Amino acid sequence: MTTGEGGADEGNASKENRPMGSSSCLSSTGAFIDSSFTELTIAEDSPAFCSALLGGGFGDPATADVILHLHLSNEPAHDWSFTSDTFYGRQLVQVYLHSYALSRSKYFAVLLSDRWQQQNHTSSENSQKFHCKLVVPATTGSIDHHLTVLQLLYIDDLSASINSVSTAICLLPVALKLLFEDCIKRCVKFLEAVPWSENEENKILKLIPLLSDEESKELLARVSPAKKNSSEEMLHDLVFFVHNHPNEVFAKNLVENLLKDLSSGELVRRVLDRGFEKSLDVVKKSLAEYKSPELGRDDYMYDEIAMTQRPLLYQAMENANNLFWLVDTMIEQRVADMAVKAWSEQASLTMDLQRMFFDDEWLYSAPSLPIFVLCCTSRIAKAVVTGHTLAARQARMKLVEHWLPVLIGWKESATMDTYCKSLCTELEETFLRIISTLSVSDAQELLRQCLCFAIQNVGDFPHLVTAFTTWFRRANRSPHPDNFGE
């Protein structure tokens, strides 16, 4: 095969004087394919090409009855003839082919069905050969891809030749253009069965509209959801079950990153709201069903009663842990409005928690349960007091009113380590700051309950002193706004 750059000076050059290409395989088959495209290379060890070197195969001018002329889509195609001397410089490749192989392509089968009636005037050398033209897109590798598909027309088993995603992506448009069904099926089957990179998937997305419904069915199912809310359902499942993962920290971090990468803030809100409601519902139901073993620890019935109740406490603790993570994530994503409102309305849950403190079974079955729920309370209270999540006055008041007794009950019933003491102090201070945002009358009732904070020297609780000082300053102020400046 001869290759060279088609130019104005080369327009009248003979085939014998054209420069040779760099590929040894192409150079050795100068009589098989005529070309003026310098970039054209076909691997010498290509199964499709090398098998074609056998007699009567691809590119054999001695037995070929069809000559195919390949042109770039931006090359002029008018006033052309099949005479090599006049046509050289325009065409890219001239290929010798066989109608028996081309008939596998419906495009060529139709084109060749009445070829003798459409036969053009040619030189005596090619008087018995049918000439046809095929326009090739002016894109990188386009000639190679077309030649490869033409070679595959000579091969029954295409599996050895179409063995990579990149190959299938490159050959499929050509196979579709030539209506080469066997090649189309092999490309689609291969693409459906193997993984893709993101770049490859973007290319496949452009190919899917070119396929029939039946051909694209499996590919389409892979790249697009059957239901509109698939993403929401998947994220909801991940959010709820993440705390059961063997590596809980890793799983939660993964889900957090997925949520951060989502462009739809409304989707994040819906997913986290659903997860919060589901976990909260489990905690509430578990504690509502919990019955304290009222008999003494030495009574023979205690263990039997406790055995039936422990799973409820454990279930509540596990879901409270997930609630804490959810609350933290919602606040970080700035979608905690529903959580703040819901947490301030948990009168029954806070009563059940206080009831739980009446016996010490929770210390053995679910020692972290109060910590998790009060950590939720602390995070929500902080978001409210800092203005990160704006809450109505009624919600702020109910938040302190319902959860302050839980904090007090926990302090009275548990042995505090350093972390627990720190959590208590932090929550006490936050509650007092929220109280300072309430009306004087609402704050008056809540501040009375906060006196229990001062279990040591008053000097150790400056936030308590500040809260009372602020309240008295406001309580002693004139109720008439006109006198505020005095």
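## The model and the chain

This is a predicted model, in which local features need pLDDT of at least 70 and side-chain atom pairs count only at pLDDT 80 or more, whereas totals for chains, interfaces and linings use all residues. Residues are numbered from 1 along each chain as its sequence is written, and side-chain values use heavy atoms, with hydrogens and water left out.

The chain has 22 helices and four strands, where helices (H or I, at least four residues) and strands (E, at least two) are DSSP runs numbered from the N terminus. Of its 486 residues, 45% count as buried, a term for residues under 20% relative accessible area, while exposed means over 50% and partly exposed lies in between (1.4 Å probe, protein chains only). Among contacts between residues at least 6 apart in sequence, 74% join residues at least 24 apart, contact meaning heavy atoms within 4.5 Å.

A polar atom of its side chain lies 3.0 Å from the backbone oxygen of Pro137. When neighbours within four places in sequence are left aside, Ser142 is in contact with Val136 and Pro137.

## Helices α6 and α7

Helix α6, which covers residues 142-152, packs against helix α7, residues 165-178, at an angle of about 65°, and their axes are 9 Å apart; axes are lines fitted to C-alpha atoms, for helices over the stretch in contact, and angles run from 0 to 180 degrees between N-to-C directions. The crossing of α6 with α7 is right-handed, that is, the near helix is turned clockwise from the far one by less than a right angle, anticlockwise being left-handed.

On the α6 side the contact is made by His145, His146, Thr148, Val149, Leu150 and Leu152, which meet Cys170, Leu171, Val174, Ala175, Lys177 and Leu178 in α7. These residues divide into eight nonpolar, three polar and one charged, where Ala, Val, Leu, Ile, Met, Phe, Trp, Tyr, Cys and Pro count as nonpolar, Asp, Glu, Lys and Arg as charged, and the others, Gly among them, as polar.

## Helices α20 and α22

The axes of helix α20 (residues 418-435) and helix α22 (residues 462-475) cross at roughly 10° and come within 10 Å. That angle makes α20 roughly parallel to α22, since angles under 35 degrees count as roughly parallel, over 145 as roughly antiparallel, 65 to 115 as roughly perpendicular and the rest as oblique. In this pair, Thr425, Glu428, Glu429 and Leu432 of α20 meet His463, Leu464 and Ala467 of α22, and by class the contact has three nonpolar, two polar and two charged residues.

Ala475 also has its place in helix α22, and at 33% relative accessibility this residue counts as partly exposed. Although Ala475 and Val440 are 35 residues apart in sequence, they are 6.6 Å apart in space, C-alpha to C-alpha.

## Two loop residues with positive phi

Most residues other than glycine have a negative phi. Leu179, however, has a positive phi near 55°; this residue lies in the loop between α7 and α8 (181-193) and is partly exposed, with a relative accessible area of 38%.

Arg334 likewise has a positive phi, of about 60°, although it is not a glycine. Its place is in the loop between α14 (302-332) and α15 (337-343), and with a relative accessible area of 55% Arg334 is exposed.

Key:
Polar contact = N/O pair within 3.5 Å; in protein donor to acceptor, adjacent residues only side chain to side chain.
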